[in-house]
Amino acid sequence: MKTLIAFDFDHTIVDDNCDTWVIQSTPDKCLPDSIKKSYQKGRWTEYMGRVMSYIGDQAVTPEAIRSVMNTIPFTDGMVELFTFIAGHKNDIDCIIISDANTLFIDWVLEGAGLQPAFDKVFSNPGSIDTRGYITVQCYHSHECVKCPINMCKKKILEEFLEDQNKLGIKYSRTIYVGDGSNDLCPLKCMREEDIAMPRKGFTLERLLQAGVESKEGTLLKPRVVVWSSATEILSELKAVIQ
């Protein structure tokens, strides 16, 4: 059986947030206060819709935005990790579950030539409308009270595993790599043989150290391995497929 490895995108694959990185494409490289103050907790995707509308109003083209996206830095060791994964597709399936958007993610991966490593990208749909503006839609609706209104990563992971199972594809192990608070929920559906890999010094690691889920009565099953560089993720991956 194959190993499944699932990644968050912002502050995991890339060493920044593509939704804030895009602001560098604006003439003044900043947003007006009216846009900044419009954000409501848990409604980031709706906020990004307003950000992209503002950027479109400044006559910034999708091509210019793509050029900016191609300058976002990858986290240390990620390019080498995905080069390895692309060369071992008989053993590894690799997906992204991200609260960014499909357009930005595709542009970043295409720019670095890393798309062959990935089997599926789950993110908020991004597209270019008839005006040449980028639009972003919410990924789905869900009933999880812990997650942002537009995305529950646990639901996405569960549905992917169920769909794969229907195709006769089962995984000996799932590895989940992330950094943020919304990366905690998918760990709840993982097994003892699975591996949760929070990025060192980021929110997910702090939540796990604080035992947030244990305090809420949920005992997380996967083994936890903290990482700082993707070389550590690569070492874990090599160990489980060999």
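**Ground rules**

I am working with a predicted model, where local features need pLDDT of at least 70, side-chain atom pairs count only at pLDDT 80 or more, and totals for chains, interfaces and linings use all residues. Residues are numbered from 1 along each chain as its sequence is written, and side-chain values use heavy atoms, with hydrogens and water left out.

**Entry 1: salt bridges**

I started with charge pairs. Side chains of opposite charge can pair when their charged atoms come close. A salt bridge here is a side-chain nitrogen of Lys or Arg within 4 Å of a carboxyl oxygen of Asp or Glu. How many salt bridges does the structure hold? I found 12.

I looked up K153 and D8, whose side chains meet in a salt bridge at 2.9 Å, N to O. This pair links distant parts of the chain: K153 sits in helix α7 (residues 153–166), D8 in the loop between β1 (2–7) and α1 (18–21), and they are 145 residues apart. The helices (H or I, at least four residues) and strands (E, at least two) are DSSP runs, numbered from the N terminus.

Are K153 and D8 buried or exposed? Both are buried. For the cut-offs, I noted that buried means under 20% relative accessible area, exposed over 50%, and partly exposed in between (1.4 Å probe, protein chains only). I also noted that D8, K153 and D183 are linked in a network of salt bridges.

Next I checked R66, which forms a salt bridge with E110, the closest N and O atoms being 2.4 Å apart. R66 lies in helix α4 (residues 62–69) and E110 in helix α6 (residues 102–112), so the pair ties together parts that are 44 residues apart in sequence. R66 counts as partly exposed because its relative accessible area is 30%. E110 is partly exposed too, at 37%.

E46 is partly exposed at 32% relative accessibility, and R43 is partly exposed with a relative accessible area of 32%.

**Entry 2: helix α6**

I stayed with α6 for a bit. Its buried residues are T102, L103, F104, I105, W107, V108 and L109. What caps the N-terminal end of α6? N101 does, with a side-chain oxygen 3.0 Å from the backbone nitrogen of L103. After α6 comes G113, whose phi is positive, near 70 degrees.

**Entry 3: pockets**

On a 1 Å grid over the protein atoms alone, a pocket is an open set of points where a 1.4 Å probe fits, with protein on both sides within 12 Å along at least five of seven lines; lining residues have an atom within 4 Å of a point. A volume is the space filled by probe spheres set on the points, which are joined across faces, edges and corners.

The largest pocket holds about 760 Å³. Its lining has 29 residues, and D99, P148, G180, S181 and N182 lie nearest the centre. Which element gives the largest share of that lining? It is β2, with 3 residues.

The second largest pocket has a volume of about 210 Å³. I counted 14 lining residues there, with L161, E162, Y171, T174 and R191 nearest the centre. Helix α7 gives the most to this lining, 6 residues.

How values were computed:
A polar contact is a pair of N or O atoms within 3.5 Å; within protein, one must be able to donate a hydrogen and the other to accept it, and residues adjacent in sequence count only if both atoms are side-chain atoms.
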